[in-house]
Structures are given as C-alpha cells and as structure tokens.
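Hi,

Here is the structure I promised to pass on. My notes on its strands follow below.

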Amino acid sequence: MPAKEFECVRYEQVTADKYGFIHLENNLYSTSPRFAKQKVLAKISYHEIAILTEEHELIIKHERLYGTKQKSMKWQPYLTLMAKRPNALKYKEYAKRLKLSWIPANYHTIHAETNEEFLLKLFEREVQHRDERRINLLLKQATLPKIPNKPYDWREIQLAPGITKDYILEGEFTKNQENLIFYGGVGTGKTFLSTLIALNLMKKQGKRVKFYTAASIVNALLEANEKGDLGKFLNQIEKLDLLILDELGYIPLHKQGAELLFQVISMCYETKSIIVTTNLPFSQWNNVFGDPILTEAVIDRLIHHSHLIIFNGESHRYKDSISQR
C-alpha cells in the first residue's frame, strides 16, 4: 500500500478549435478565446477535467461529463475579453455558441467604468431581452381577444365566498389548479376579466395560457381528430397552465365535438386551471352538450375545486352605445 494518497489522473494533449473549445471523449469543453487553435493539456480525473497550458498552468476546470455530445461552458473568459476589448472577439460567432441574442448587436451601447459593471449590464440586458421575447411568444400563442384600454369595473361582480379580486386577477387560483366559472349575461365583462387574468399570468409569472371560444376549440378538436393529429393537439393543451373556454352556451355543440371537449376537460381535471365563461346556468348546459350523462360529467369535473363568479347588470357594450348617442 502507498504511504500516502495519490491522485489517479491521465493527461491528454488536444488542440482547441477556433472558438477555444476542446473535443474530449465525444464532449465539448470551453477554454478561453486566447487559446483558440492552440495545443493544451487535459488533466482528466474521475470527477473533473482540468485544462492546462503546455507549461502546466491552469486555464480552467470543468466537471467531467460522462454522456456523449454534451457541452460544458465556462463563459467568464469569453465575456471578460469582450469587456476589455470588444473588437478583439469575433463576437457574433461566440455569441452564437453562447446562444446570446441581445449582446452581439448592442454591446457597444453599454457604458461602464469597470469591467465588472460592463459585464453586469450586459447580462441584465440579455436577460431582460430574453424575458421580453418569452412574453411576446406567450402572448402570440395565447391568441387573446382585444380588450378595452380602461380599468376593469368590479361594481356588479359577485365574488364567491372566501376569495378576493387580487386572488382572481393575479391568477392565484392556478397555484392550486382551481377553476373559475364566470356566469352572466352577454357583455357583462366575462371575457374582459378572463383576458386580464391571462395577461397577468403571462407577464408576471411566465405562465402558459390559451384562449378559445367553445366553438373554436371544438372545431380545432374535430379537425385534429380527422387529420389524425388529436394526440398532438391534446399534448399542447397538457403543457398549459390555464385554459380559457369562452362563450360556452351560445351555440349547441356537435355530438362528437362535445365528447372531445369533455376529453379535454377531463384531462385538465386537477392538473391545470380552466376559466369557463357562460351565459347559461348549469341546469341548461344539457342544451349545449346534448346528453344528460355527458353534461353531468362535465359539470362534475369543472365545479370540483372551482369558484363561481356571477356577473350582474346590463351589457357594457349596450350601455356604451347608449351613452355615445
């Protein structure tokens, strides 16, 4: 037995590519831009890869990857060099490898007194840009209707016991996979409020929302089923945090469409939240689904873990049209 512990390692000489990455054991490890196309030593142990100069000076360390076609990226040397000498890098190439989008086009607009401040500002703008892109993508995918640019009028809204305006508006109910049933006449603000909730969830929490009218989701389900894409459509629904079903009750549903909609509602049960807006009391939902057993099953899944919000009063659109005469 040896008198003391010894380190079990092996060394391998490799040449970094033009980006400063080395290819080792079918994986990529970053070094530094200044070592691009140069020979370096990889000191390989069971838990880490230490990359050294030929003089055995440490360049950087990585946790050893045991898969294949993986990449370990240490970004500090790249962005530090950009901070010191922005034009010294082929920054667009490195930005592509780092998956940066705002920095390569805008780094020259940043003003800072120190390298650290420069890097901090770069990261802040990049993160802000990514957040904005994500929100814009969420908004595009949600297909929300246009709503009035004015404060919401709560005066004729009857909330369920135990909940508040903020609990609804900020989407707190989605944390417990609860549903909201908005019941009231045409034009009383049901769609307006459901859209405000969706906007808050996407902009403040990055939640995934999709808005459908009852007719449009049934048409989409029938089309997907006919094309053999129903599984793909349902997978998209499964990824949502909130599904909005607007105008349930305005028109009767096709028998197969009603059954497919029940499949969606059943799939969402206790896994995600649904907002349903309707002008019909539950006792008349059979007129929509056309089958009392199916109707009962739909209502049973929706009202469990749900809050009923009642929208009283006259149509806001009607009142606005009268006031403009």
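Three strands form an open sheet in the order β2-β3-β7, with mixed pairing; strands here are DSSP runs of E of at least two residues, numbered from the N terminus, and two strands pair if DSSP finds at least two bridges between them. Please keep in mind that this is a predicted model, where local features need pLDDT of at least 70, side-chain atom pairs count only at pLDDT 80 or more, and totals for chains, interfaces and linings use all residues. Residues are numbered from 1 along each chain as its sequence is written, and side-chain values use heavy atoms, with hydrogens and water left out.

The edges of this sheet are β2 (21-24) and β7 (71-72), each pairing on one side only. β2 and β3 (residues 27-30) run antiparallel, joined by four bridges: F21 has S30 as its bridge partner, and I22 stands opposite Y29. Their hairpin has two residues between the strands, and E25 takes a positive phi near 55 degrees there. On the other hand, β3 and β7 run parallel through two bridges, with S72 as the partner of Y29.

Which residues cover the two faces of β3? N27 and Y29 lie on one side, L28 and S30 on the other, and all are buried (under 20% relative accessible area, 1.4 Å probe, protein chains only).

There is also an open sheet of four strands, β1-β4-β5-β6, with antiparallel pairing. Its edge strands are β1 (10-15) and β6 (58-63). Five bridges link β5 (residues 48-52) with β6, and I49 has H62 as its bridge partner.

Happy to chat about any of this!

Best wishes

Key:
Buried means under 20% relative accessible area, exposed over 50%, partly exposed in between (1.4 Å probe, protein chains only).
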